[in-house]
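Take a look at the protein chain below. This report walks through a few of its parts, one at a time.

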Amino acid sequence: MKKCTFLISFALLASMILNAEPIPDGYYSSIEGKSDSILKSTLCQIVGGGVRYEYGTTSYHTSSNPPQWEKGDLKAYGTWQALPLTDRREDGSIWDMYSNSVRYYPNKLGESGCSLNIEHCLPKSWWGGDVNDAYKDLYHLNPSDAQANSQKSNYAPGHVQKGDKFDNGSFRMDSKSKSAYGYICFEPAPEYRGDFARAYFYIATAYENIKWSDTYISAGYIRPDNYLFFSDAIIQVLLDWHREDPVSDKEICRAEQISSIQHNRNPYIDYPELIEHIWGNKKGQSASLDNLICTYGTGTCSEYVPPTDTEHKFDTLLNFPALTKGIVNAVPNCYASDKIQSNGTSSITMGASATDGFLSFSKLNLQKEATLIFRASAYNTATSMQLDIYAGDQLIRTISENVENYTRNEVRYTTTIPAGTDSVSIVSVGGATTKRACMQELYLLTPKSEIETILSSASAAQPTAKKVFINGTLYIIVGNRTYSVLGL
């Protein structure tokens, strides 16, 4: 069984965390009294400065040879050197805005994370993929679940209605036929939509003068002859996301780290209201720094203090943020039976023609208790489901449901798997049209996590994300759903 288990030297990370680079005196002063296209072009001249460094991975680095960001020695260092500084939660795990997966950065700075890509928030193909400064700009580069990144491809942002093309519990996509726009569109989780919007507006500003691809101009995504740059539909989506998800503490702290590396700013994080002056409800009004609220310095950003043992270890034994038959069978010692049917690109139906369907995972060799987590509901044409969970040959749990949800509001189930277990199976009993399960998102985590307690205490009326610690484990909760499980 392949394990995505990473240890990272927190002493090294702590030594590399940079002090926030203050906004230089007079940095934004030239925008005073400007509006509309002149305001945007002025911001382009301001934030287009600074430096960019190489995309991807170059050579690995150790604590004896850390990146020297402050010296501007950037060409030797790829994006993976920066991401542990810019996209890392307080516990050291990778902050992935594209899935709920829990992963950690490797020992070697510069080495890519497990099953992660470096994703261009605004697709690089929109300008033809040229390796220019936009290609290397950290303000729209993020660690991304590889599967979600592949599905996102070069599609446009939109308000997703069905999630029928892709849905991993966090990142969703509508197919062309289900989309409100007549093209495939994507939507991140609610707590990240503003992050995406401000990254799009930033790229459209900092690089307004690069040559954009005729393909995406013809598709109607881009209007290079108009300073607003995006189509009206995309602008409205981005404005909605920006307004619904204001600049967060996480976003402020990330921007401060990027500023310390690239030595330029994202004006729409520092002064979010500038978006309204260019694209929104304040078009035609001149900007005045005295009247704009500045977010700089409001984030609770501090150096990371590592645990006392200075070593972090967390095992994700099974990691399927989305399930299809092909995805499961591609992983060693994981098997989806013949009666498992892929349902789009992110879910499976269990069983067919009254025949049981099952998933099995072998050679686990659990040294301690683990927690199995998955989402499931009755299939959309079924009236019930029954899932039997086995640890080896022993039936340890039966789940029966009569609620018909199908691929969106599934129940998230958690089951403790005993230490000493070598194999786990999930069997959909019945498999007929009237009794069939649909499943999405499956993980096996160790050490044991008390997720049941967390889920039962979460309030469906709570609209904002919150952190809860139980027995040394950090949970991120949004509403009545637990989006991440981070072991300490």
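## The largest cavity

Which residues lie nearest the centre of the largest cavity? In this predicted model, they are Tyr 139, Asp 195, Ala 199, Glu 251 and Arg 254. They belong to a lining of 14 residues. The space inside comes to about 140 Å³. In total, the chain holds two cavities of 30 Å³ or more. How can such spaces be found? Rolling a probe the size of a water molecule over the atoms shows where empty space is left.

What kinds of residues form the lining of the largest cavity? Eight are nonpolar, two are polar and four are charged. Helix 8 (249-262) and helix 5 each supply at least two of the lining residues. Helix 8 gives the largest share, with five residues.

## Helix 2 and its neighbours

Helix 2 covers residues 36-47, which makes 12 residues. From its first C-alpha to its last it reaches 17 Å. That is close to the 16 Å expected at 1.5 Å a residue.

Which residues of helix 2 are buried? They are Leu 39, Lys 40, Thr 42, Leu 43, Cys 44, Ile 46 and Val 47. An α-helix has 3.6 residues a turn, so residues three or four places apart point the same way.

Strand 14 runs over residues 357-361. Four of its five residues are buried, so the rest of the structure largely encloses it.

Strand 14 pairs with two strands described here. With strand 11 (residues 334-336), the pairing is antiparallel and has three bridges. There, Leu 359 of strand 14 stands opposite Ala 336. With strand 19 (residues 424-428), the pairing is also antiparallel, over five bridges. Here the bridge partner of Phe 358 is Val 427 in strand 19. In a regular strand the side chains alternate between the two faces of the sheet.

## The whole chain

How many helices and strands does the protein chain have? Its secondary structure comes to 12 helices and 23 strands. The chain has 488 residues, and 57% of them are buried.

Among contacts between residues at least 6 apart in sequence, 69% join residues at least 24 apart.

Technical notes. Residues are numbered from 1 along each chain as its sequence is written. This is a predicted model: local features need pLDDT of at least 70, side-chain atom pairs count only at pLDDT 80 or more; totals for chains, interfaces and linings use all residues. Side-chain values use heavy atoms; hydrogens and water are left out. The expected span of a helix is 1.5 Å times one less than its number of residues. Buried means under 20% relative accessible area, exposed over 50%, partly exposed in between (1.4 Å probe, protein chains only). Two strands pair if DSSP finds at least two bridges between them. On a 1 Å grid over the protein atoms alone, a cavity is a set of points where a 1.4 Å probe fits but cannot get out, and a pocket is an open set with protein on both sides within 12 Å along at least five of seven lines; lining residues have an atom within 4 Å of a point. Grid points are joined across faces, edges and corners, and a volume is the space filled by probe spheres set on the points. Ala, Val, Leu, Ile, Met, Phe, Trp, Tyr, Cys and Pro count as nonpolar, Asp, Glu, Lys and Arg as charged, and the others, Gly among them, as polar. Contact means heavy atoms within 4.5 Å.
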